[in-house]
Amino acid sequence: MRAQLPPRAQLIEHYRVPDRLTPRVRVNFIASLDGAATHEGLSAGLNNADDKIVFDVLRLLTDVILVGAGTVRAEGYGGILLPADDAAWRVQAGLAAQPPVAIVSGRLDLDPGHPVFSQAATRPIVLTHAAAPADRRAALAEVAEVIVCGELAIDPHLLVAALTARGLPQILCEGGPHLFGDFVAADRVDELCLSLAPVLEGGSAGRIAVGADAAARAMELKHVLRAGDMLFLRYARQES
């Protein structure tokens, strides 16, 4: 008999955190068995309907969706709008009906007319640094809240503090690999939710985390869920 995910109410309990006030960076990725982050250049090439269920639950539980500008462009992000039932669940749970999207970009090479801005359910956030082009900052300020998180580069610690100060301490990072790598290097990853796709990809596809600086961070396995041959792994920071 094919293994299935638990019912949605139980799935929510698997991923719910007891303390929502303490800032938490939860990263969500999918990878092939041999470590590829994409198929034909897109992470969507590795997922399936079960992965989408977990993906939606993680969005349901977050305060803000964090994503790099490159991922917005590559993965075709539009305006993020949770279904009406999910919005109602969030309101009943004391959360905002819709989580905003926060886009990380140092160069600010984002079109203010992009659907991630023009179709947004709530005003997006753009996280950048003080050396970013002033004209682009001004243009994006028309369609988003622009927050400076560092002088010459974006500092993950300042980023988390800025979102927390705006009442958004539960952060769901959806990539991409360079953003994930930056957070690993800064030791700002509290949790990784990894979907393991039952395929061997080969080729030249990159890893889920990429960065100039290597950093080993111990993680503790919290659960393993299975749906068919897909595994859903949840790891949390290993406390000393």
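Reader: Why is phenylalanine 29 called buried?
Author: Phenylalanine 29 has a relative accessible area of 10%. Buried means under 20% relative accessible area, exposed over 50%, and partly exposed in between, computed with a 1.4 Å probe on protein chains only. Phenylalanine 29 is therefore buried. This is a predicted model, in which local features need pLDDT of at least 70 and side-chain atom pairs count only at pLDDT 80 or more, while totals for chains, interfaces and linings use all residues. Residues are numbered from 1 along each chain as its sequence is written, and side-chain values use heavy atoms, with hydrogens and water left out.

Reader: What makes phenylalanine 29 and phenylalanine 180 a stacked aromatic pair?
Author: The structure holds one aromatic pair. In this pair, phenylalanine 29 and phenylalanine 180 lie 5.3 Å centre to centre, with 20° between the planes. Rings of Phe, Tyr and Trp (its six-membered ring) pair if their centres lie within 6.5 Å; planes under 30 degrees apart count as stacked, over 60 as edge-to-face and the rest as tilted.

Reader: Which parts of the chain does the pair link?
Author: Phenylalanine 29 is in strand β1 and phenylalanine 180 in helix α8, 151 residues apart. Helices (H or I, at least four residues) and strands (E, at least two) are DSSP runs, numbered from the N terminus. Phenylalanine 180 is buried too, because its relative accessible area is 6%. Leu179, Gly181 and Phe183 are among the other buried residues of α8. The cover over the buried residues of α8 includes β1, β2, β3, α7, β6 and β7, where contact means heavy atoms within 4.5 Å.

Reader: How do you know that arginine 2 and aspartate 50 form a salt bridge?
Author: Their side chains meet at 2.6 Å, N to O. A salt bridge is a side-chain nitrogen of Lys or Arg within 4 Å of a carboxyl oxygen of Asp or Glu, so the arginine 2 and aspartate 50 pair qualifies. Arginine 2 lies in the segment before α1 and aspartate 50 in helix α2, so the pair ties together parts that are 48 residues apart in sequence. Aspartate 50 is buried at 12%, whereas arginine 2 is partly exposed at 46%.

Reader: How many salt bridges does a search of the whole structure find?
Author: The search finds 18. One of them joins arginine 107 and aspartate 109, with the closest N and O atoms 3.0 Å apart. Arginine 107 counts as exposed because its relative accessible area is 55%; aspartate 109, at 29%, is partly exposed.

Reader: Why is aspartate 187 called partly exposed?
Author: Aspartate 187 has a relative accessible area of 32%, so the residue is partly exposed. Just after α8, aspartate 187 takes a positive phi of about 55°. Aspartate 187 is also linked with Arg188, Asp190, Arg217 and Arg237 in a network of salt bridges.

Reader: Where is a cis peptide bond found?
Author: The bond from glycine 175 to glycine 176 is cis, with omega near 5°. Glycine 176 is placed in the loop between β6 and α8.
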